[in-house]
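Hi,

Here is the structure I promised to pass on. Have a look at it first, and then read my notes below.

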Amino acid sequence: MARQRLRRRRPCRKAHHPRGRHPVVSNFVSPAEIEERPIPQPGSGQVLVRLEACGLCHTDIHAMRGDWPVKPNLPLIPGHEGVGIIEQLGDGVTTRTVGQRVAMPWLGYACGECRYCVDGRENLCEKQYNNGYAVDGGYGEYMLADARFAVPVPDGVTAVDAAPLTCAGVTLRVRVE
């Protein structure tokens with residue numbers, strides 16, 4: 001009887017896609033459920049942030065319940081008071097660095113070109129999006145942020161102390177002349 005030659009099986013070479021755990025709101029009547037999702041990759045002008053803390057604001061509760069006339073996009077990871085460490089930079093990001101602690105407020109993006117943005121009133125930008133409402137927010141392990149709106153957190157300020165400070169992210173700035 002001839003010996004059969006045993007072939008070694010090569011391990012499957014599937015691409016490794018790291019995943020993170022995130023509470024996801026899928027509808028406005030059920031509680032958020034923890035899901036594992038691939039860690040997103042930052043696009044041009046974005047940073048990937050590994051979250052350390054996120055405050056809980058009543059706005060987040062309204063978003064999860066769909067209480068307002070303009071409903072958030074579902075499914076949604078809530079949270080607009082996130083603080084974390086930048087892990088990756090997207091193309092073109094030169095104002096932030098890997099390892100830098102940043103906070104992500106309610107105002108996650110504004111166009112920078114409209115009359116409101118040019119006048120320093122980004123909170124009125126008609127093209128704005130809000131973290132934890134129009135885009136995924138800070139309740140998960142990771143989130144993407146526009147580098148221009150990821151606010152550096154000074155050394156010595158903990159993530160837990162910094163997180164609730166971001167809630168004033170749409171406070172109108174007043175010019176004193």
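A quick one to start: is Tyr133 buried or exposed? Tyr133 counts as buried, because its relative accessibility is 9%; the cut-offs are under 20% relative accessible area for buried, over 50% for exposed and partly exposed in between, with a 1.4 Å probe and protein chains only.

Before the rest, some housekeeping. The model is predicted, so local features need pLDDT of at least 70 and side-chain atom pairs count only at pLDDT 80 or more, while totals for chains, interfaces and linings use all residues. Residues are numbered from 1 along each chain as its sequence is written, and side-chain values use heavy atoms, with hydrogens and water left out.

Aromatics

I counted rings of Phe, Tyr and Trp (its six-membered ring) as a pair if their centres lie within 6.5 Å, calling planes under 30 degrees apart stacked, over 60 edge-to-face and the rest tilted. That gives three aromatic pairs. One of them is Trp68 with Tyr133, a tilted pair at 6.0 Å centre to centre and 35° between the planes. It links distant parts of the chain: Trp68 sits in the loop between helix 1 (58-65) and strand 4 (82-89), and Tyr133 in the loop between strand 7 (129-130) and strand 8 (142-146), 65 residues apart. (Helices, H or I with at least four residues, and strands, E with at least two, are DSSP runs numbered from the N terminus.) Trp68 is partly exposed, at 31% relative accessibility.

Tyr109 and Tyr129 make a stacked pair, because their ring centres are 5.1 Å apart and their planes at 10°. Tyr109 belongs to strand 6 (residues 107-109) and Tyr129 to strand 7, so this pair ties together parts 20 residues apart in sequence. Tyr109 is partly exposed at 24%, and Tyr129 is partly exposed at 22%. There is also one aromatic cluster, made up of Trp68, Trp106 and Tyr133.

Cysteines and a cis bond

With a disulfide taken as two cysteine sulfur atoms within 2.5 Å, the count is zero. For Cys54, the nearest cysteine sulfur is that of Cys57, 9.8 Å away. For Cys57, the nearest is that of Cys167, at 3.6 Å, and Cys57 is in no disulfide. Cys54 is partly exposed at 23%, whereas Cys57 is buried at 13%.

The peptide bond between Leu74 and Pro75 is cis, with omega about -5°. You'll find Pro75 in the loop between helix 1 and strand 4.

Salt bridges

A search of the whole structure gives seven salt bridges, each a side-chain nitrogen of Lys or Arg within 4 Å of a carboxyl oxygen of Asp or Glu. Among them is Arg37 with Asp136, at 3.4 Å from N to O. Arg37 lies in strand 2 (residues 33-38) and Asp136 in the loop between strand 7 and strand 8, so the bridge ties together parts 99 residues apart in sequence. Asp136 is partly exposed at 30%. Both residues join Glu35 in a network of salt bridges.

Glu52 and Arg101 also meet, at 2.8 Å from N to O; Glu52 is in strand 3 (residues 46-54) and Arg101 in strand 5 (residues 101-104), 49 residues apart. Glu52 is partly exposed at 37%, as is Arg101 at 25%. Another bridge joins Asp146 and Arg148, with the closest N and O atoms 3.2 Å apart. Here Asp146 is buried at 9%, while Arg148 is partly exposed at 45%.

Cheers
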